[in-house]
Amino acid sequence: MTHTTHTPDPTIEELEKRCESLETQNLELEKQKAELEAKLRWFQEQFRLHQQRQFGASSEKTDRDQLELNLFNEAETEANPSLPEPTLETITYERKKARGHREVLLENLPMETIEYHLSPEEQVCSCCGGSLHEMSTEVRQELKIIPAQAKVVKHVRHVYACRHCERHETETPIVTAPMPTPVYRGSLASPSALAYILHQKYVEGLPLYRQEQELARLGIPLSRQTLANWVIYGAQTWLSILYDRMHVHLKKESVLHGDETTLQVLAEPGRSATSTSYMWLYRTAEKPAIVLYDYQQTRAHKHPKAFLHGFQRYLHVDGYAGYHGLPGVTLVGCWAHSRREFDKAIKSLPEEQRANPTTARDGLNFCNALFAVERQAKEKELSPQERYEFRLEHSQPILDAFSAWLREQMPRVLPKSALGQAIRYCRNQWGKLVAFMKDGRLDLDNNRAERSIKPFVIGRKNWMFAQSVRGARASAIAYSLVETAKENGLSPRLYLTYVLEKLPNLDTNDTDQLDNLLPWSPSIPEECRVPKKAK
């Protein structure tokens with residue numbers, strides 16, 4: 001006989017506990033699902049941003065189709081066969097003709113004229129045999145490029161003595177003709193040669209090894225080690241004197257911009273060759289235009305604190321915390337960075353959603369509205385005080401609405417999403433972002449510093465690293481002089497030639513004489529200035 005075991009039915013309490021347990025498990029699974037979905041969205045955002053960085057437009061303002069230039073298709077992209085050349089041949093008559101675009105374009109260049117005449121034997125009419133007379137001229141203008149040339153300048157210094165004293169006196173006065181002090185004793189380097197090497201490296205981004213090859217093709221066998229010695233000597237011995245004076249003047253200003261970028265220095269004491277160093281940048285907002293680079297091994301707060309010691313008032317920066325706590329300095333944030341964060345959030349969306357109204361686009365529109373106010377103020381050519389009042393009327397309501405919008409959106413977005421990062425950036429930087437409202441001289445962004453540090457970043461792509469600490473410091477000094485010269489409308493090569501001729505022959509302790517050599521000085525010769533573009 002088979003016996004079956006009877007399992008008692010669960011009680012209501014046990015069923016309720018099971019339901020609670022299943023609900024708890026379900027909630028946990030729902031939570032895990034939400035976390036996985038959030039991670040998936042984040043990875044999808046990162047993938048789209050990676051695609052955008054790799055294949056898309058690098059600017060948040062420029063259409064993708066406009067950025068097709070690269071090393072190989074620049075000529076094809078820039079060429080426009082339908083654009084007519086200014087007339088190359090003109091017929092000149094006695095009546096005066098209006099000057100064309102070509103004449104204005106070439107008016108600042110030296111002119112070489114080659115005339116073509118018929119010989120007396122050829123000045124005979126082919127019809128009747130009579131004499132020909134000149135009735136007009138045909139003129140064709142061409143642009144002639146003269147590549148770099150080199151020659152040896154031999155300085156011969158004559159020494160004089162008195163024949164009478166040589167014959168009758170115990171001592172003979174000797175008089176030596178004056179000669180300029182060389183820029184580099186015991187070297188072949190002249191001011192123009194040194195300026196040329198500095199210009200090629202720090203303006204044209206040409207590494208020394210390529211300059212070595214170029215000079216060899218000109219028949220000048222100078223090694224890159226010699227060129228490196230010239231660069232370091234010229235920067236540290238002479239240009240550093242002007243760099244220090246520029247530093248003094250920079251700290252007297254009340255509005256500055258700051259930024260920093262990475263640099264690799266191979267032979268830093270106590271550090272590996274792969275260590276990351278930094279090139280800091282500081283520049284003025286108004287005239288005089290001063291741009292200074294400062295090489296340091298780290299990105300620590302102590303470096304801007306030391307460099308800007310004595311500076312007071314306003315410093316435009318990005319979101320980096322290393323600038324915090326500078327005594328007597330109010331930090332002014334960068335709205336271009338805020339705008340960039342929202343633009344990044346839009347680009348992280350699926351392509352079909354980017355043009356639609358989204359929360360990220362709402363944030364971008366707030367930023368765009370502030371920039372629109374700035375454009376209006378610029379068009380009106382307002383004074384700093386008028387600009388301050390104009391902002392109070394037009395920018396302040398936008399800021400108030402944007403601040404309320406940020407507080408409303410903060411709890412609604414995932415913190416690690418691109419949109420969440422954009423909102424958090426604005427919330428964290430808000431005190432610095434609204435600081436531009438304090439003074440009409442302040443900018444809405446830190447683009448001045450970003451534009452000024454860009455030449456160094458481009459140059460770094462060519463020469464990639466500095467060999468030594470001395471080389472990195474020399475680069476900081478040289479970049480400071482050439483970029484400040486460019487900001488003040490000077491030709492860097494001609495300006496460097498001028499100051500390298502003057503500095504060895506003046507009292508470098510006389511600050512007035514030094515100030516006359518600074519790039520914004522009215523004492524700089526006109527030939528050092530870049531000709532103004534024809535309008």
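Reply: **An aromatic pair and its surroundings**

Trp280 and Tyr320 are both buried, a term that stands for under 20% relative accessible area, with exposed meaning over 50% and partly exposed the range in between (1.4 Å probe, protein chains only). The model is a predicted one, in which local features need pLDDT of at least 70 and side-chain atom pairs count only at pLDDT 80 or more, while totals for chains, interfaces and linings use all residues. Residues are numbered from 1 along each chain as its sequence is written, and side-chain values use heavy atoms, with hydrogens and water left out.

Over the whole structure, a search finds 17 aromatic pairs. Rings of Phe, Tyr and Trp (its six-membered ring) pair if their centres lie within 6.5 Å; planes under 30 degrees apart are stacked, those over 60 are edge-to-face and the rest are tilted. The ring centres of Trp280 and Tyr320 are 6.5 Å apart and their planes lie at 50°, so this pair is tilted. Distant parts of the chain are linked by the pair: Trp280 belongs to strand β6 (residues 276–284), whereas Tyr320 is in the loop between β8 (313–316) and β9 (329–332), 40 residues apart. Helices (H or I, at least four residues) and strands (E, at least two) are DSSP runs, numbered from the N terminus.

Strand β8 contains Arg313, which has a positive phi of about 90° although it is not a glycine. With 38% relative accessibility, Arg313 counts as partly exposed.

Neighbours within four places in sequence aside, Leu292 is in contact (heavy atoms within 4.5 Å) with residues including Trp280, Leu281 and Tyr282, together with Tyr243, Met246, His247 and Leu250. Phe307 and Ser480 are also among the contacts of Leu292.

Helix α7 (residues 224–252) contains Arg245, which is paired with Asp515 of helix α17 (residues 511–515), 270 residues apart. The two form a salt bridge whose closest N and O atoms are 3.0 Å apart, the criterion being a side-chain nitrogen of Lys or Arg within 4 Å of a carboxyl oxygen of Asp or Glu. Both partners, Arg245 and Asp515, are buried. The count of salt bridges comes to 17. One of them joins Glu268 to Arg271, with the closest N and O atoms 2.8 Å apart. Glu268 is buried, at a relative accessible area of 3%, whereas Arg271 is partly exposed, at 25%.

Elsewhere, other features complete the setting. Ring pairs link Trp335, Phe342, Phe366, Phe402, Trp405 and Trp430 into a cluster. Gly420 in helix α12 (residues 418–428) has 2% relative accessibility and counts as buried. Its C-alpha atom is separated by 9.7 Å from that of Glu341, 79 residues apart along the chain. In the loop between α10 (359–379) and α11 (384–409) lies Glu381, a residue with a positive phi of about 55° although it is not a glycine. At 70% relative accessibility, Glu381 counts as exposed.

For the protein as a whole, there are 17 helices and 10 strands, and 36% of the 535 residues count as buried. Among contacts between residues at least 6 apart in sequence, 65% join residues at least 24 apart.
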